Amino acid sequence: MFWLSLFRIVALGWTCFCAILLLGLGAHVLASVGDLRLPTFAWAGLAVATALLSLVTLPAMLVIDFIRTGAFTSMIVVELAWLGFLGVMFLATGGAAASNATGFWVQCSAWFPAAAVSVCNETSAAAAFGFLGWVAVWAYTGTVLVMLIIQAQRGNYIWQRSVKEINVQSGNNVPPVDTTAPGLYGTDAKPHEQAALHPGQVPYAYPPSTLVSPQPTGQPPIPQV
């Protein structure tokens, strides 16, 4: 498998793993806040939304691209737009969780009861996995964007194709066009074909004729009886 396709699978797979963890952490915190009468954690709802969007779309994109070629969801421009949006969502989730974690006055072990300790620890964990998901998504999108720029400088515009259809190592994804007609410059070229290549040139016969045309002698023609 080509290295960019492998990198795509690893990056999106890791993003789905981070999304699963964020979904569990965010759902547990949302359920615990009401029972403990703790202030609302904004990152919890954002984590659930980010996780659901990722888990619904990313596996579907991988499966569709695997079983079908030329799908709309597999186009590089669509992937870059959607993954860029998901990267912002992961970054916002990690930033919101980190902001709550740094606002705690005491260590998590000093919280009471045990459910509050879990909420404190889960806030730090959500911040970590939010940033890790963001790094994976934007590392892949940044790599693909650099490849697009390199290929565009070489005259290959591949933004409407999928990653599995391109070959960035070859440097050229467009087959060469043969502008010479077969046989025109070879040994099998015919005289009238060579004359067509040079307009205005009088074509000649091949092989040359050995007959000599009669020359006028100045005598009148002998009448036939």
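A salt bridge is a side-chain nitrogen of Lys or Arg within 4 Å of a carboxyl oxygen of Asp or Glu. By that criterion, a search of the whole structure finds two salt bridges. The structure is a predicted model, in which local features need pLDDT of at least 70 and side-chain atom pairs count only at pLDDT 80 or more, while totals for chains, interfaces and linings use all residues. Residues are numbered from 1 along each chain as its sequence is written, and side-chain values use heavy atoms, with hydrogens and water left out.

**Overall architecture**

The protein has five helices and zero strands, where helices (H or I, at least four residues) and strands (E, at least two) are DSSP runs numbered from the N terminus. Along the sequence the pattern reads α-α-α-α-α. Of the 225 residues in the protein, 33% are buried; buried means under 20% relative accessible area, exposed over 50%, and partly exposed in between (1.4 Å probe, protein chains only). Among contacts (heavy atoms within 4.5 Å) with a separation of 6 or more, 71% join residues 24 or more positions apart. The protein exposes about 14,200 Å², and carbon and sulfur atoms supply 68% of that area. Accessible areas come from the Shrake-Rupley method with a 1.4 Å probe, and for residues only the protein chains shown count as cover.

**The salt-bridge network**

Arg8, Asp65 and Glu79 are linked in a network of salt bridges. The two pairs are set out below.

| Pair | Closest N to O distance |
|---|---|
| Arginine 8 and aspartate 65 | 3.0 Å |

Glutamate 79 lies in helix H3, so its pairing with arginine 8 in helix H1 ties together parts that are 71 residues apart in sequence. Both arginine 8 and aspartate 65 are buried, and both arginine 8 and glutamate 79 are buried.

**Serine 5**

Helix H1 also contains serine 5, which is buried, with a relative accessible area of 12%. Leaving aside residues up to four places away in sequence, serine 5 touches Val163 and Lys164. Serine 5 and isoleucine 166 are 161 residues apart in sequence, yet their C-alpha atoms are 9.6 Å apart in space.

Helix H3 has 27 residues and reaches 38 Å from its first C-alpha to its last, close to the 39 Å expected at 1.5 Å a residue; the expected span is 1.5 Å times one less than the number of residues. The buried residues of H3 include Glu79, Leu83, Leu86, Phe90 and Ala97.

Val88, Leu91, Phe131 and Trp138 form a nonpolar patch on the surface, with about 310 Å² of accessible area together. Patches are made of residues with over 30% relative accessible area and no salt bridge, with like charges joined within 9 Å and nonpolar side chains (Val, Leu, Ile, Met, Phe, Trp, Tyr) within 5 Å. Helix H3 (76-102) and helix H4 (114-153) each supply at least two residues of the patch. Tryptophan 138 lies in helix H4 and is partly exposed, with a relative accessible area of 36%.

**Annotated regions**

An unreviewed UniProt entry lists residues 41-64, 76-97 and 131-150 under "transmembrane region". Such annotations may be inferred rather than shown by experiment; UniProt positions are given in the numbering used here, and feature names are shortened. In the model, residues 41-64 are 96% helix and 0% strand, with end C-alpha atoms 36 Å apart. Residues 76-97 are 100% helix and 0% strand, and their end C-alpha atoms lie 31 Å apart.
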